[in-house]
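I opened the model to look up two things. The ligand site comes before the chain contact in these notes.

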Amino acid sequence: MILKLAYKNILGNGWRSLINVIILSIVLTGMIWMQGLYDGWGRIARRQMIAWQFGSGHYEQVNYDKYDSFTLDKSNAALSPEMEKQVADGKAVPILYSAGVIYPQGRMTPVVIKGIPTQQSILAIPTEYLKIADKSAPVIPVIIGKQMAKSTRLSEGDQFTMRWKDIYGVFNAYDVVIAKVMNTPVPTTDVAQVWMDYDKLNEVKALNNSATLIVLKDKPVNSDLGSDWRYLSTDDSMAGTDAMISAKRVGGYVIFTLLLFLAMVAIFDTQILSIFKRRKEIGTLIALGLTKRQIIRLFTLEGTLYMLLGTVFTGIFGMPLFLYFGIKGYSMPVDVSSYNIAGMSDSIKCYYSPIMIISTFLIVMLVTVFASWLPTARIARMKATDALLGKV
Amino acid sequence: MSKILIETKHMTKYYPTGEGKFTALQDINLSFEKGEFAGLVGPSGSGKTTLLNIIGSLDTQSEGEVIVLGKEVSTLSARQSAALRSKHIGFIFQTYNLLPVYNVYENVELPLLLLKMSTEERKKAVMEALEWVGLTDKLKSRPNQLSGGQGQRVSIARAMVKKPQIVLADEPTANLDTENSLHILDTMLKINRETGTTFVFSTHDQKVVNYLNRVITLVDGKKAKDDLKVSV
Amino acid sequence: MKKLITILSLIASLTLLNAAYPDGNELLKKIDDNMLSKTMKAKTTMVVQTKRATRTMVSINWAQGNSKSFSEYLSPAREKGTKMLKDGDNLWIYDPNTDRIIQISGNMLKQSVMGSDLSYEDFMEESTMQESYTATVSGAKVYEKRDCWVLNLSAKKADVAYQKITMYVDKVRFIPLYEDRYAKSGKLLKTTRVQEVMQVKDRWYPKTVLYKDALKNSKGTLFNVESIEFDLSIPAYIFSKASLKK
Ligand SMILES: Nc1ncnc2c1ncn2[C@@H]1O[C@H](COP(=O)(O)OP(=O)(O)OP(=O)(O)O)[C@@H](O)[C@H]1O
Ligand SMILES: [Mg+2]
C-alpha cells in the first residue's frame, strides 16, 4: 500500500521526478560504463602481460628488484639441470637481464638488455629475429619495441653501439643492428629495453646459461625452485599494473562521486520540498492512523523509487551503450595512453562483472536511500496538529 | 444508560507562549455517549479544534483525564494512538484533506489498507461508503476533478469506510454552500441513525447547529453551556 | 676490424723488435712513481662541454696517497662550497644549499660528477697501474712533438674495468700523453689526451687533459691544473668528515 502511494506520489511530482530519475540513470550508466572500462582494461593488460612478459607465472632471481636498476647486474643464477630440461621441452623460457647503455647517433641512453632464447614459443616476442647466423659476425641482432624505436629515433636495419659491464665489472661493447621493431603492447617489454639472444648475452656477460627470470608456460605444481629463485604468480606480476589502473580508476570515481553527490542533492531537495508541500497530507495520514514511522518509510520509499526507476532507465537507455563498448571496445584518449600501462594500445572492451554491477547498484541505492531518508527527520519532529493546519 | 465513549475530567490544555503559557482549554468535563450527534460551538479561538484534536489523540491534554473508548489517551504510545485512530476514529476536515494523487476510490480505500482487510472486503466496504455519500459514479476521479461538496462527501466516505465508533468533524461545512452543507449534513445524520456512530462537530454554522441533538458552547476555553435538544 | 689489425700488427712488431725496447712493466712503475705522490694539493678547473653550454668548475683538491682525497668547489656560484671527501671506499658530499652531508654509495657512484664525462666511480679507483696491468712496449712514436713509447697494457685480473689500454708515454718525462681504453671486445670506450704538461720542481705532470667517452657525441671534459704542490704536509683533519661542514 505504501509502495503504491509512493509510486503515485512520484508520478504526481512530474518533471522533478523525471530529472531525478535521469540524473540517477546517468550516474548508474556512467559508473557501470567506467568500471566496465577499467575492468576491461585490467583484463586486456593481464592477457597482454601473460602473452608478452610473464607467461603463466615466473621465477625471479632473488636479488632482482625491478625498482632498482642497479640490482640488474647482480641478479642472475644458473639454471638447474631440471630447469634446462623444461626449457628444452618448451615449458619454460629463461631471460637474462643486464644493465647497459646504447649510443644511437652518439646519444647515450641507459637501457635494460634482455637475453631470450631465439627458439621459444611461450612469449609473443618475435625472438626468431635474434638468431645469430654467423657466430663470428661482429654485429649482434637485437629487437626493440615501437615506443623505444620512436623515442630513440631508430628503425629496422639501424646500427649502433651497445655497452655493458660483465659480471666482473669489465666494460664490454658491441655494435648491434635492429633486426626487428616489434609491436608489443606491453610497455615494460618496450620502453628502454633491448632484446638479444640469450646465449650471446650470457657469453658477453661472462656467464653460462644463467638467467634473471624464468617464464613458465603453465602454472607450476610446486613453485619452490630453491633459494636462488622467487616465484611470482600472474596475480603477483599484475599487482603493479592493477594498482596503476586502480589509480586511474580513482580519477573516474571523482567525476561520478560528484555526479552521485548531485543526484543526492537533487533527491534531498525534492524530498525537502515534498515534505514541506505535503505537510497537510502528513497530518491527514497521521489522523487516518499511520504512525510517523510509516510516513517516514513512505517518503524514504518515494526517494528510493527514483533509484528503481533510474535502474529501469539505465536498463533501457544504457544497455545499447554497454553493449557497444562491451563488443566494439573503446580506445583510450591519447593523453591517458602516455602512461606506461599495458593494454592501452588496444581498443578496450568494457567488461561488466555481475559483482561490479550489483555493488554499483547497491552503492547508488544506499546513497539514494540515505538522501531520501535524511530530510524525513522533519517529519519526526512535526506535530500532527500543526501539520494539519499547514504549519511546520 | 448508554455506553460512554468519550470522557474528559478536569481537562486543561496550555500552549506554551513567548512569556508563559496560554490556556486554550480550562477544566473541561464532558462525556459523549454512543450515537450522539453533538457539536462544539463558540467564537473563534474558543478551543473547539483543540478539544477535537485531543479527543482524536492527535494532541494531548496538559492536565486532567481524557478517556476515549476506555483508554487514557495521554498514556498511549505513538503506535497505540495510531491504532486507535485507524480503527475507531474518523476525521472530517474543513478542507477535506484528500490525497491528490489518489482517485476517489483509492482515497476511500486508504484507511482500510491499514486494517489488513482482504481486497474483496475492502471493495465491498468502499462501495458501501460511496453509496452512502452518493458518489459511486466518481470512482476514478481525482480530488481536483471534484466539486467542494463532492470532495467533502468523499472525505465523509473515507471517515466512515472503516465503520468507526467516533467521527470528529472540524467545521465540515465551512467551505460549502448551503445546498451542499445540507446535503452532507443529511448524509451524516443518516449514517448516525443507521450505524449509531457518534459524531462530534466543531462549527460556527447555524445550519449544522440545527441538525445537532446536543450543543456544547465553549467560551475562552471554558464550557459555557451544554444543551441537550430533543431529537428532531 | 681496423683496430684489431692495428693491435695485431703492434703485437707482431713487438716480438720482432723486442730487444730494442725497455721493459713495459718498468715503464709502468716509472709512470706510477711520477704520477703518484705521498700528498698533493692542487687547484683545478674542469670544463664540461655539452651541446647547450660550457660549464667551468674550479676546485681545490687535497690528496694523500690513492686512498684519501678532499675537494672544495670555488665556482660556479651554484656549486660554491660543495665539498667532497673520499676515504678508502667511502665518499661523502656536502651540499651547502641544504647544509647536509650525503654519503655516495651503491647506485649513486655511477652518476656523473657535476655533469662531466667522469663518474664518482672513476674517483674511487685506487689500484696503481702496476697493480692492475702488465705492459709491453710495442714501438716508438712521436706524439705532439714528444718522443714516446707505445705501451700496450692488459689487465692482470678479470675484474679490471678496462681490460686493454694503449698509451703513448713520454720517453723522458714518463707521462702517458695519449691513452685509449678498450672494451673486452676491443671497442674503444674512453680516450685521454694530455694537451699541456708542466714542471713542478723535479717532476713533470699533465697540466691540461681532455677526457672523452669515445662512444658519445661529446666534446669531452677538459681538466686543467692551475697550480699543484706535491709532498706537502696536510693536517689530518682535512680528511675528516668534520671538515666537510667547516
Ligand atoms: N499550537 C498552538 N500554540 C499556541 N496557541 C495555540 C496553538 N493552537 C491553538 N492555539 C490557541 O488556542 C486557542 C484555541 O484555538 P482553537 O484552534 O482550538 O480555536 P477554535 O475554537 O477552533 O477557533 P476557530 O473557530 O477559529 O477554528 C486559540 O486562541 C489559539 O490561538
Ligand atoms: Mg478551529
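I began with B:T49, where a polar side-chain atom is 2.7 Å from an oxygen atom of ligand 1. I noted that B:S44 has a side-chain N or O atom 2.4 Å from an oxygen atom of ligand 1, and that B:G45 has a backbone N or O atom 2.8 Å from one. I then looked up the area: ligand 1 alone exposes 630 Å², and the protein buries 69% of that (Shrake-Rupley method, 1.4 Å probe).

This is a predicted model, in which local features need pLDDT of at least 70, side-chain atom pairs need 80 or more, and totals for chains, interfaces and linings use all residues. Side-chain values use heavy atoms without hydrogens or water, residues are numbered from 1 along each chain as written, and chains are lettered from A and ligands numbered from 1 in written order.

I placed ligand 1 between chains A and B. I listed 15 residues around ligand 1 (a heavy atom within 4 Å). In that shell, α1(B) gives the most, with three residues.

Next I turned to chains C and A. The contact takes 19 residues from chain C and 20 from chain A (heavy atoms within 4.5 Å). The buried area is about 1600 Å², with 58% from carbon and sulfur atoms (accessible area lost on being put together, 1.4 Å probe, summed over both parts).

I found two salt bridges across this interface (side-chain nitrogen of Lys or Arg within 4 Å of a carboxyl oxygen of Asp or Glu). One of them joins C:K184 and A:D166, with the closest N and O atoms 3.1 Å apart.

Note on methods: A polar contact is a pair of N or O atoms within 3.5 Å; within protein, one must be able to donate a hydrogen and the other to accept it, and residues adjacent in sequence count only if both atoms are side-chain atoms. Helices (H or I, at least four residues) and strands (E, at least two) are DSSP runs, numbered from the N terminus. Buried area is the accessible area (1.4 Å probe) that two parts lose on being put together, summed over both.
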